[in-house]
Amino acid sequence: METAAAMEAAVDLTTDGLPSWLAPVEQASRTVRPQQLSRFLPPESGAGRQSAVLVLFGEGASGPELLLMERAGSLRSHPGQPSFPGGSLDPGDGDPTTTGPLRAALREAEEETGLDPRGVQLFGVLPRLYIPVSGFVVTPVLGWWRTPSPVGVVDPGETARVFTVPVADLTDPANRVTTLHPSGHRGPAFLVESALVWGFTAGVIDRILHFAGWERPWDRAKQVPLDWRA
């Protein structure tokens, strides 16, 4: 269901008034290719649930930061995982190839975190990616939190907590590890804000840091094993 605030929020992409530190992220969104972001790309058959996430950058007490949430442990898909706000496209979101993902990202962020989407300026979209374990085809939508609003858990059945992470903590080599899944898959991860950010979310953050030129050398041999239920 589309909320009134989400309906009023602008769903066009604009770079007007973006802070200069976001320029490398915006530029990367225009030039990066899907294969540079992930080896998991949408099926050519068109299968998969169309969805979107909001990759929201703000300015906090410690400088640039990202908004994240922790999914409730009772959810069927990716329970207990830190993630970007987001979810499946609704019919009311519109065309999934144009503004649908933009509306869905804002709507889901409002529903999950209480964010006022009218304070968000959307400035870019990354190529669609695929999450094989859940069959989601995900469009990462990039936003600038131009006018911050209070956020928190709206529905404990969906969200365990909402938090922000300074970009400086994400780029700190001391907070970076490689997760090792029982399947043998390895992926980048971050130990921040008492959470292990891994999987799809960590992969997107890792690539943004890399292509924005913010990445610092880190020890990829430092591993954290994941539980088989992950």
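The expected span of a helix is 1.5 Å times one less than its number of residues, and helices (H or I, at least four residues) and strands (E, at least two) are DSSP runs, numbered from the N terminus. With 13 residues at 1.5 Å a residue, helix α6 should span 18 Å, which agrees with the 18 Å between its end C-alpha atoms. The model is a predicted one, in which local features need pLDDT of at least 70 and side-chain atom pairs count only at pLDDT 80 or more, while totals for chains, interfaces and linings use all residues. Residues are numbered from 1 along each chain as its sequence is written, and side-chain values use heavy atoms, with hydrogens and water left out.

**The chain as a whole**

The protein chain contains six helices and twelve strands. Its C-alpha atoms fill a box of roughly 45 × 40 × 35 Å, taken along the principal axes. For 230 residues, a compact globule would have a radius of gyration near 17 Å, and the 16 Å of the protein chain agrees with this; the radius is taken over C-alpha atoms, and the globule rule is 2.2 Å times the number of residues to the power 0.38. Of the 230 residues, 50% count as buried, where buried means under 20% relative accessible area, exposed over 50%, and partly exposed in between (1.4 Å probe, protein chains only). The accessible surface of the protein chain comes to about 10700 Å², and 53% of that surface belongs to carbon and sulfur atoms; these areas come from the Shrake-Rupley method with a 1.4 Å probe, and for residues only the protein chains shown count as cover. Among the contacts (heavy atoms within 4.5 Å) with a separation of 6 or more, 69% join residues 24 or more positions apart.

**Cores and the helix α6**

In soluble globular proteins, nonpolar side chains tend to be buried together. A nonpolar core is here a set of buried Ala, Val, Leu, Ile, Met, Phe, Trp, Tyr and Cys residues joined through side-chain atoms within 4.5 Å. The largest such core has 36 residues, and Val25 and Phe57 are those with the most contacts inside it. Helix α6, which covers residues 199–211, gives the most to this core, with six residues. Apart from it lies another core, of 18 residues, among them Leu89, Val120, Leu122 and Trp145. When residues up to four places away in sequence are not counted, the partners that Phe57 touches include Trp21, Leu22, Val25, Phe123, Trp144, Ile208 and Trp214.

Ten of the 13 residues of α6 are buried, so this helix is largely enclosed by the rest of the structure. The buried residues of α6 include Phe200, Val204, Ile205, Ile208 and Leu209, as well as Asp206 and Arg207.

Helix α4 (residues 100–113) has 14 residues and reaches 20 Å from its first C-alpha to its last, close to the 20 Å expected at 1.5 Å a residue. Twelve of these 14 residues are buried, so α4 is likewise largely enclosed by the rest of the structure. Among the buried residues of α4 are Leu102, Leu106, Arg107, Glu108, Glu110 and Glu112. Glycine 114, whose phi is positive and near 80°, follows α4, and glycine 213, whose phi is also positive and near 80°, follows α6.

**Residues in strands and a loop**

| Residue | Relative accessible area | Class |
|---|---|---|
| Glutamine 121 | 7% | buried |
| Alanine 189 | 0% | buried |
| Glutamate 193 | 34% | partly exposed |
| Serine 194 | 82% | exposed |

Glutamine 121 is found in strand β5 (residues 120–125), and its side chain reaches the backbone oxygen of aspartate 16 at 2.8 Å. Leaving aside neighbours within four places in sequence, glutamine 121 is in contact with residues including Thr14, Asp16, Leu18, Trp144 and Arg146.

Alanine 189 is found in strand β10 (residues 186–192). Although alanine 189 and threonine 178 are eleven residues apart along the chain, their C-alpha atoms are separated by 5.6 Å. Not counting residues up to four places away in sequence, alanine 189 touches, among others, Val177, Leu196, Trp198 and Ala202.

The loop between β10 and β11 (195–197) holds glutamate 193, whose phi is near 50°, a positive value in a residue other than glycine. Serine 194 is found in the loop between β10 and β11 and has a positive phi of about 60° although it is not a glycine.

Methods
A polar contact is a pair of N or O atoms within 3.5 Å; within protein, one must be able to donate a hydrogen and the other to accept it, and residues adjacent in sequence count only if both atoms are side-chain atoms.
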